[in-house]
Amino acid sequence: MALRHAVLAALLDDEYSGYQLAKAFDISVANFWHALPQQLYAELARLEADGLVVGREVVQETRPNKRLFRVTEAGRAELERFAEAASKPSSIRDDLLVKVQSADRVGTGPVIEQLEQRAAAAGAKLELLGKLLDNMRGDTDEAEYLLRGERVGRYLTCLRGLAFEREHRDWCLRTAAVLRERQQTDAER
């Protein structure tokens, strides 16, 4: 998947400025795709040049003017082509796993600290994703929303993010506990 498809998918719901797109990415897309604001601005320019989005200028009296972008029919067609293409299996590529793999040979202290930091970050994301899901669902229970909700795709990706962050947090905490226990056992020898 290219960043372009993630940007097109994020713009399906509404017209966004580059700043608003970056905020939307932080909230709803960040659980499966990371991009820096400058990458998003550059991608918006490429998408507009390719005719996949169109921008319009909004004059503001008290602030600088801004450009709002929306997906064109060509952009929707590109997303449809992307949706029809086979997806590659996902894989884990995480430097923390390399550190854990070598921790018993190079020292566990810094690795334990990083695992605990990761667990805390995952906990914060869990809270954010939970609020986002509640917001999307409103007063509807989850089963009803999944059956009849307006934007179920966005909801389902947030559920995946929630499951990922929960498992990631739990693994980090368990791994830190195992390494800490081994560290204590080694010290007692």
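**Exercise 1.** Which residues are linked with R4 in a network of salt bridges?

*Solution.* A salt bridge is a side-chain nitrogen of Lys or Arg within 4 Å of a carboxyl oxygen of Asp or Glu. The network links R4, E43, R46 and D50. Within it, the side chains of E43 and R46 meet at 2.9 Å, N to O. Both residues lie in helix α3, three residues apart, about one turn of the helix; helices here are DSSP runs (H or I, at least four residues), numbered from the N terminus. E43 is buried at 7% relative accessible area, and R46 is partly exposed at 44% (buried is under 20%, exposed over 50%, partly exposed in between; 1.4 Å probe, protein chains only).

The model is predicted: local features need pLDDT of at least 70, side-chain atom pairs count only at pLDDT 80 or more, and totals for chains, interfaces and linings use all residues. Residues are numbered from 1 along each chain as its sequence is written, and side-chain values use heavy atoms, without hydrogens and water.

**Exercise 2.** Locate the salt bridge between R148 and E144.

*Solution.* The closest N and O atoms are 3.2 Å apart. Both residues belong to helix α7, at a spacing of four residues. R148 is exposed at 57%, while E144 is partly exposed at 34%.

**Exercise 3.** Classify the ring pair of Y145 and Y155.

*Solution.* Rings of Phe, Tyr and Trp (its six-membered ring) pair if their centres lie within 6.5 Å; planes under 30 degrees apart are stacked, over 60 edge-to-face, the rest tilted. The count is one aromatic pair. Its centres are 4.7 Å apart and its planes at 45 degrees, so the pair of Y145 and Y155 is tilted. Y145 lies in α7 and Y155 in α8, so the pair ties together parts 10 residues apart in sequence. Y145 and Y155 are both buried.

Terms used
Helices (H or I, at least four residues) and strands (E, at least two) are DSSP runs, numbered from the N terminus.
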